Amino acid sequence: NPEQNFIGIDIKGDRMWHGASQAEKMNLINTAFLRIDIVRLKNYFAEDEIEEIWITFPDPQRKSKQLKKRLTNPYYLNIYQEILSSAGIVHLKTDSEGLFEYTLETVHDRGCKMVEEIKDIYAKGELSEELKIKTYYENKYLEENRPIHYLSFQFPS
């Protein structure tokens, strides 16, 4: 999609280096990478600046004391809502059923509009072009026969 800009964000430098190297090899001029902690996201984007946020295979933070670190907890959702446009969409793709169910409950409690909810995208059949893109972790989990869950939602106006 050369008409769109893409920004990869992660705290881990090796992931940023890998993504930037791939983008450079492919001569992609519409990509950028930020090595930041997600709590600082509002320092880099203005209100209503972003059209979509993709959260792909984040650490599910399974222990109860780690729930506040989940990238779909209310604290982070507040940040996303601030930088997303009014029609903006948040996407989550994960192998973690726990994170998937937690996120469904959390966004439901906020009154978010569910755009799409798929428990196992590869059991669905036809996929959108975006969902056909596989991450390193997705390929790994598919080899282990784990179902891949997906949901997308919009914040209330």
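Me: Let's start with Ile 118. Buried or exposed?
Reply: Buried, because its relative accessible area is 8%, and the cut-off for buried is under 20%. Keep in mind that this is a predicted model.

Me: Where does Ile 118 sit, and what does it touch?
Reply: Ile 118 is part of strand β5, residues 113–118. Leaving out residues up to four places away in sequence, Ile 118 touches Phe 100, Lys 124, Leu 131, Ile 148, His 149 and Tyr 150.

Me: OK, Lys 93 then. Which residue does it pair with?
Reply: Glu 138, through a side-chain salt bridge at 2.8 Å, N to O. That pair links distant parts of the chain: Glu 138 is in helix α6 (residues 136–143) and Lys 93 in strand β4 (residues 84–94), 45 residues apart. Both Glu 138 and Lys 93 are buried.

Me: How many salt bridges are there in the whole structure?
Reply: Nine. Another one of them joins Arg 146 and Asp 95, with the closest N and O atoms 2.2 Å apart.

Me: What does the Arg 146 and Asp 95 pair tie together?
Reply: Two loops. Arg 146 is in the one between α6 and β6 (149–154) and Asp 95 in the one between β4 and α3 (97–109), so the bridge connects parts 51 residues apart in sequence. Arg 146 is partly exposed at 32% relative accessible area, while Asp 95 counts as buried at 13%.

Me: What about Lys 132 and Glu 126?
Reply: They form a salt bridge too, the closest N and O atoms being 3.6 Å apart. Lys 132 is partly exposed at 39% relative accessibility, and Glu 126 is exposed at 62%.

Me: Which residues end up in a network through shared partners?
Reply: Asp 95, Glu 144 and Arg 146, joined by salt bridges that share partners.

Me: Switching topic: which residues make up the positive surface patch?
Reply: Lys 63, Lys 65, Lys 68 and Lys 69. Lys 65 is in the loop between β3 (50–56) and α2 (74–83), and it counts as exposed because its relative accessibility is 67%.

Me: Last one, Val 39. Where is it, and what is it in contact with?
Reply: Val 39 is in the loop between β2 (31–35) and β3, partly exposed at 34% relative accessibility. Setting aside neighbours within four places in sequence, Val 39 is in contact with Tyr 75, Tyr 76 and Ile 79.

Notes: Residues numbered from 1 in each chain as written. Predicted model: local features only at pLDDT ≥ 70, side-chain atom pairs only at ≥ 80, totals over all residues. Heavy atoms only, no water. Patch = residues over 30% accessible without salt bridge, like charges linked within 9 Å, V, L, I, M, F, W, Y side chains within 5 Å. Areas by Shrake-Rupley, 256 points an atom, 1.4 Å probe, with all protein chains shown as cover. Salt bridge = Lys/Arg side-chain N within 4 Å of Asp/Glu carboxyl O. Lys, Arg positive; Asp, Glu negative; His and termini not counted. Charge placed at Lys NZ, Arg CZ, Asp CG, Glu CD. Helix = DSSP H or I, 4+ residues; strand = E, 2+ residues; numbered from the N terminus. Buried < 20%, exposed > 50% of the residue type's maximum accessible area, 1.4 Å probe, protein only. Contact = heavy atoms within 4.5 Å.
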